[in-house]
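Colleague: I would like to go through this structure and ask where each description comes from. Please show it first.

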Amino acid sequence: MSDLKGYMGKVLFIDLSTRTSKLFPWSDEDRRLSLGGKIMAGHILYQHVQQGMTAYDEDNWIVITTGPLTGSGCPNTSRFNMSTISPLTNIITSSNCGGDFGLSLKRAGYDACIISGKSETPVMVSITEDNVEFLSAEDLWGKSITLAQELLPKNTGKLMIGPAGENKVLYSCVFSGERTSGRGGVGAVFGDKKLKAITAYGTKTVPVANREKLEKLNKKWVKTLKTHPLTGRQLPKLGTAGLVSAMQAHSILATKNFGAGRYDDFEKVSGEELAENHLVSNAACTTCVIRCARKVNVDGEQVKGPELETLGLLGPNILNNNIELILKWNKELDEYGMDAISAAGTIAFAMELQEKGLWDSGLEFGKTDNISDVLYQIAHREGIGDILADGSKRMSEKFGGKEFAIHAKGMELAAYEPRHAVGQGLGYATANRGGCHLNAGYMVVAEGLGLDIDSLTTHGKAALTIMFQNLMEGVSACGSCLFTSYAVFPGFLVDKPNSFLTQFILKILPYMGPVVNILSHFPQLPKINIPLLPHSYALKYVTGMKTSMASVLTWGAFGYNTERMANIILGQKAGADKLPKRLTEVAQNPKDPRTVVPLEKMKKVYYRARGWKDGIPKRKRLLSLGIGITPEYYEKVVKEAYSNG
C-alpha cells in the first residue's frame with residue numbers, strides 16, 4: 001500500500017505464459033521519483049529492458065499505467081498510458097488513451113498493470129477487485145473493434161485489439177471504447193501475445209489528501225478550461241479539425257507526402273466543413289469538460305468523427321478533397337484497429353513510389369477508389385497490404401526513396417509540415433518514440449496554431465522544445481489530457497494577436513532561450529505554482545506531496561531521460577535523431593532557402609541544454625535526475641550506441 005494519497009498502492013503483474021498474476025513491487029519512493037503515467041512506465045521498462053530485446057520477445061512487457069489524478073475528480077483526467085517495445089521502431093513506444101479502462105483499473109484497486117509472457121491461444125484477461133481471470137477469446141478473435149466490444153460486459157473498462165493487431169500490423173492500435181491507444185504498434189504486441197482484450201471493474205474510490213481545497217481548485221480549473229479561447233471555444237466548436245485552416249494559413253499543412261505545406265482545396269476537408277455539414281454532436285472522454293470529439297454519420301450509422309491527423313493525412317497529403325471518404329476511411333481504420341497517422345503516411349509514401357516508378361502498387365495521388373480495399377488488405381496482411389503493414393521505413397529500405405519516406409526513427413510524422421515550423425521539426429527528430437507531434441513537445445502550437453512566434457528562426461527553439469517536452473511529459477504523467485496544457489498560454493495572446501503586449505511577447509520569446517534553459521536544466525530553482533498550470537496544485541491537494549511547477553518539469557525531465565536511456569539500451573544509435581532529407585535539404589518555398597528544418601544547428605544547442613552528447617544522456621545528467629546506472633553498464637551501452645553493428 002501507499003502512504004501517499006491519489007494512489008491505490010498496488011501494481012498488478014500478469015504472466016500470460018503461466019496464466020498467473022501477482023503484485024509487482026512499487027514503493028512510495030518510486031512514486032515520488034516517477035509520479036505515474038508514461039514516466040512510471042518508462043521507469044519500469046528502463047529497469048527491465050536488456051540489450052537485444054525485441055517487441056515480440058516473450059519477456060517484452062506491456063506496461064499500462066494511470067496517473068495520481070486519474071479518478072480524483074479533476075477535469076480531463078481519465079487518461080491512461082501504455083508503453084512497450086514497439087515493433088515499428090524497435091524502441092520504446094508510449095501511447096496515451098482517453099477511454100474508460102484507466103478509471104476502471106484504478107477502481108479495481110490498481111495503479112498499473114504489467115503484461116508479460118505469451119498465450120498459446122487467444123485469451124482475454126478480466127481484472128476485478130478480488131480476482132484476475134484468464135478467459136478464452138476464441139469467439140472474439142477475428143472480430144472488429146465494435147463487434148468484439150459488444151460481446152464484453154457492459155459495465156467494465158475495456159481494452160481491445162482488432163484484426164490489424166491480430167495480424168501484427170506494425171502500427172496497429174488498442175482501443176478503449178471509441179478512444180485509441182494509437183501509435184507505435186501496441187496492438188501488434190497484444191496480437192503477438194494472443195491477447196485480444198482486457199477488462200477491469202471495481203468500486204473503490206481514489207483517496208484524496210485535501211478534498212475541500214481540491215474541489216475549490218476544480219471549480220476554477222473548469223472555468224479556465226471553458227473560457228480559454230483554445231479549450232473553451234476552438235476545440236469545442238471545431239475539434240482538432242479546426243486546425244486545418246490555421247495550418248493552411250501558416251504553410252504547415254502536409255500536402256502530397258509532405259512535398260508542400262498548402263493545399264488548394266483545404267476548405268473541403270476543414271474543421272469548418274466538418275462542423276457545418278457533417279457534425280451530429282460533440283462527444284468527450286470520461287471526465288472531459290472540453291468535448292472536442294466529433295460524432296458523424298457514415299452510411300446511416302453514428303460513429304466517431306476524424307481528428308485533425310486523419311483529415312490532413314488522408315486529405316491534402318494524398319491529394320483527396322472528399323471529406324465523406326475520409327469519414328468512411330476513419331471508421332474502417334477504427335474497426336480494424338489501425339493508427340490513422342502511420343497508415344495514411346505509408347499510403348502517401350507508396351503513392352510517391354508509384355509516381356517515381358519505384359514500386360507499382362496501384363496507389364496514386366488523387367485516386368481514391370481503391371483506398372478502402374487497401375485498408376482491408378493492410379489489416380489482414382493480404383496482397384500489397386502485407387508490405388504496407390510494415391510502414392514507410394521498411395518500404396524505403398526495400399524500394400528506395402529514403403529521402404522522401406516521411407518518418408523519424410521509423411514512426412510516420414503527424415500532419416504538421418515542419419519546414420514552416422522548425423521547432424516542431426526539432427521536436428519530431430528528438431522525440432523518444434519517433435515522429436510524434438506530442439512527444440515532440442508540440443512546438444507548432446507556438447509557431448502558428450495558438451501563438452505566432454517566428455516559425456523559421458532557430459533562436460530559442462531548442463530551449464522552448466525542451467521545456468515543452470518536459471512540461472507535456474509531466475502533465476501526461478498526472479493522468480491529464482494534454483489539451484489542458486493549452487491553457488498555460490494567457491488567453492489574450494490568442495485573442496489579441498495584434499496588441500502591443502502580444503507582439504512584444506512574441507518578439508522576445510525566441511530570445512529568452514538562456515532563461516528557459518536554466519528553468520529546464522535546473523527546474524528545482526523556481527519553487528512556484530502558477531494559476532495557468534493547475535496540475536501542480538492538483539497534485540498537492542490529491543497526493544499530499546509538496547509540488548510546484550518545478551516538480552512537473554523535473555518529473556518531465558526524469559521521464560524524458562529515462563525513456564531515452566531505455567532506447568539506448570535497446571540499440572538506438574548515436575545520431576539517430578534525424579529527419580528525411582526532403583525536410584532538411586529541400587526548401588518548401590524554392591524562393592526562400594530558410595524554409596527547411598535546420599536540424600543540425602538546432603540539435604547542437606538542444607543536446608548541450610539537455611546534457612546529452614550525440615543524443616545520449618551523459619551519466620552526470622542521469623545521476624542529477626536520480627536515474628541510477630553503474631559506470632560499467634553505462635560505458636557498455638554507450639559503446640554499442642557508437643558501433644556500426
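Modeller: Tyrosine 442 sits in the loop between helix 17 (422-430) and helix 18 (461-478). The model is a predicted one.

Colleague: Why does tyrosine 442 count as buried?

Modeller: Its relative accessibility is 4%. Buried means under 20%, so tyrosine 442 counts as buried.

Colleague: What is the phi of tyrosine 442?

Modeller: Phi of tyrosine 442 is positive, about 55°, although the residue is not a glycine. Phenylalanine 258 also has a positive phi, near 60°, and is likewise a residue other than glycine.

Colleague: Where does phenylalanine 258 lie, and why is phenylalanine 258 called buried?

Modeller: Phenylalanine 258 is in the loop between helix 9 (243-249) and helix 10 (271-277). Its relative accessibility is 2%. The cut-off for buried is under 20%, so phenylalanine 258 counts as buried.

Colleague: Why is strand 12 described as largely enclosed by the rest of the structure?

Modeller: Strand 12 covers residues 195-200, and six of its six residues are buried, so the strand is largely enclosed by the rest of the structure.

Colleague: How do you know that strand 7 and strand 12 pair?

Modeller: Two strands pair if there are at least two bridges between them. Strand 7 (residues 123-127) and strand 12 have five bridges, in the parallel sense, so by that rule they pair. Valine 123 stands opposite leucine 195 in strand 12.

Colleague: In which sense does strand 9 pair with strand 12?

Modeller: Strand 9 (residues 157-160) pairs with strand 12 in the antiparallel sense, over four bridges.

Colleague: Which residues meet where helix 7 and helix 22 touch?

Modeller: Lys213, Leu214, Leu217 and Trp221 in helix 7 meet His535, Tyr537, Ala538, Tyr541 and Val542 in helix 22. By kind, the residues of this contact are seven nonpolar, one polar and one charged.

Colleague: What makes strand 2 and strand 5 edge strands?

Modeller: They belong to an open sheet of six strands, in the order 2-1-6-3-4-5, with mixed pairing. Strand 2 (20-23) and strand 5 (92-97) each pair on one side only. The twist in this sheet averages 15° from one strand to the next.

Colleague: In what sense do strand 1 and strand 6 pair?

Modeller: Strand 1 (residues 11-15) and strand 6 (residues 112-116) pair in the parallel sense over five bridges. Valine 11 stands opposite alanine 112 in strand 6.

Colleague: What makes strand 13 and strand 15 edge strands?

Modeller: An open sheet of three strands has the order 13-14-15, with antiparallel pairing. Strand 13 (279-283) and strand 15 (301-304) each pair on one side only. The twist there averages 30° from one strand to the next.

Colleague: Which helix lies across strand 14 and strand 15?

Modeller: Helix 12 (residues 323-336) does, running at about 105° to strand 14.

Definitions and conventions. Residues are numbered from 1 along each chain as its sequence is written. This is a predicted model: local features need pLDDT of at least 70, side-chain atom pairs count only at pLDDT 80 or more; totals for chains, interfaces and linings use all residues. Side-chain values use heavy atoms; hydrogens and water are left out. Helices (H or I, at least four residues) and strands (E, at least two) are DSSP runs, numbered from the N terminus. Axes are lines fitted to C-alpha atoms, for helices over the stretch in contact, and angles run from 0 to 180 degrees between N-to-C directions. Contact means heavy atoms within 4.5 Å. Ala, Val, Leu, Ile, Met, Phe, Trp, Tyr, Cys and Pro count as nonpolar, Asp, Glu, Lys and Arg as charged, and the others, Gly among them, as polar. Buried means under 20% relative accessible area, exposed over 50%, partly exposed in between (1.4 Å probe, protein chains only).
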